[in-house]
Amino acid sequence: MTQTEAIRVAVPRKGRPLEAVLERVADVGEARQPSDWAQSGDGRDPEHVADEIISTLRHEKAITKGNAEPGADVYQRLTTYSDLDDDYAPEYTLLRDQREGMPRRIVFDSLTVDVAGVPVQFVGREEPFRALRTHEFALGFDSADLVLEEVVELEPEGVESIEDVNARIDPMNTDVRVVSGLGDTVYHTLMARPEILPPGADLDREFVAGYEGPLCISPRYERLVEAVLGTLPLEGVTFAYPDDEREEEAAIADVGLGVYLTMTGSTAREHGLILGEHLFPSETVLMENVVEAADLDAAERVCEALSTAPHETEIAV
């Protein structure tokens, strides 16, 4: 393969969004040719490398949380995990975790994989979306929540899907646009004590529009909830926030009505809550800085490959 300059793609350093990106890399990454293997040892099959990174970071998370015993100190583990002589091997770095005592945590740093005949360097960033906004990258992955929190304009009607997001982005605010979702969906969902609902009523947007009273949400999601529900249905609604030491579902049960992230709703039901409408998918999305990527053929090929795989959410353009 003719050597092409690597396309840099910003990705999260850890957690569910990074795992979703690595699963996409496993789907679309190209195994290296046998002639390259002498340089890289085992050939660096993308699926194998993605699984290796996910397993490593889950183990490191367990160590950070005190649920696993380290076999060596953090610097020895970092040296063992990383291969600085091969771009096609994963690299890791250390960050201070926000937990008590500020322990050092091993997180993802970088990996190069061939995609659509182009070497693609996936680079870990604490805030990939903001890295795209500041034109550090043409492509990147991050949570759709951050787009709603930072650049989606508030309007009387709410946003219901990933497909609605781009229409709400002010082009004077940012050049970043959502390309597709990765399908790793956890929903922002209405939850309520059953007694606050009139007989026969559904727990949905229409109910919220006619409701007056407190709505329990996480403080960081205030703007997101305003974007998702719309400003008109929230007239007469006051936000209530859980105490730092309480589970969100328990706080919602105290208030009576709330919005929280859930996949199965099992914890909410333990607190006597019923689940209502799924308001918006908290999903990892592929984003493009259209100014940086519009005229770069290699970047467009990579973008198309990364957004054309099983489980993506289509974005009409």
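A salt bridge, as the term is used on this tour, is a side-chain nitrogen of Lys or Arg within 4 Å of a carboxyl oxygen of Asp or Glu. Keep that in mind for a later stop.

**Before you start**

This is a predicted model, in which local features need pLDDT of at least 70 and side-chain atom pairs count only at pLDDT 80 or more, while totals for chains, interfaces and linings use all residues. Residues are numbered from 1 along each chain as its sequence is written, and side-chain values use heavy atoms, with hydrogens and water left out.

**Stop 1: the whole protein**

Show everything as a cartoon. You will find 12 helices and 12 strands; helices (H or I, at least four residues) and strands (E, at least two) are DSSP runs, numbered from the N terminus.

How many of the 317 residues count as buried? The share is 50%, where buried means under 20% relative accessible area, exposed means over 50%, and partly exposed lies in between (1.4 Å probe, protein chains only). As for contacts (heavy atoms within 4.5 Å), residues 24 or more positions apart account for 70% of those with a separation of 6 or more.

**Stop 2: the seven-stranded sheet**

Next, colour the strands of the open sheet, whose order is E2-E3-E4-E1-E5-E12-E6, with mixed pairing among its 7 strands. Two strands pair if DSSP finds at least two bridges between them. Strands of a sheet pair through backbone hydrogen bonds, either parallel or antiparallel.

Which strands stand at the edges? They are E2 (91-96) and E6 (176-181); each has a single partner strand, so one side of each is left without a neighbour in the sheet. On average, neighbouring strands are turned by 25° against each other, direction ignored.

Zoom in on residues 7-12 and 118-125. These are strands E1 and E4, which pair in the parallel sense over 6 bridges. Select Val9 and you can pick out its bridge partner in E4, Phe122.

**Stop 3: helices across the sheet**

Axes are lines fitted to C-alpha atoms, for helices over the stretch in contact, and angles run from 0 to 180 degrees between N-to-C directions.

Helix H12 lies across E1, E3, E4, E5 (139-143), E6 and E12 (284-289), at about 70° to E4.

**Stop 4: the nonpolar cores**

Select Val147, Val165 and Leu215. Of the 41 residues in the largest nonpolar core, these touch the most other members. A nonpolar core is a set of buried Ala, Val, Leu, Ile, Met, Phe, Trp, Tyr and Cys residues joined through side-chain atoms within 4.5 Å. Helix H8 (residues 222-229) gives this core its largest share, 5 residues.

Centre the view on Val165. Leaving aside neighbours within four places in sequence, Val165 is in contact with Val147, Leu148, Val152, Val159, Val178 and Phe280. Apart from this core lies another, of 36 residues, including Val9, Phe108, Val115 and Val302.

**Stop 5: salt bridges**

Select Arg130 and Glu150: their closest N and O atoms are 2.2 Å apart. Arg130 lies in helix H5 (residues 128-133) and Glu150 in helix H6 (residues 144-150), so this pair ties together parts that are 20 residues apart in sequence.

Buried or partly exposed: what is Glu150? Glu150 is partly exposed, at 21% relative accessible area.

For another example, select Arg193 and Glu195, whose closest N and O atoms are 2.7 Å apart.

**Stop 6: two loop residues**

Most residues other than glycine have a negative phi. Select Ala116, in the loop between E3 and E4, where phi is near 55°. Finish at His135, in the loop between H5 and E5, with a positive phi of about 65°.
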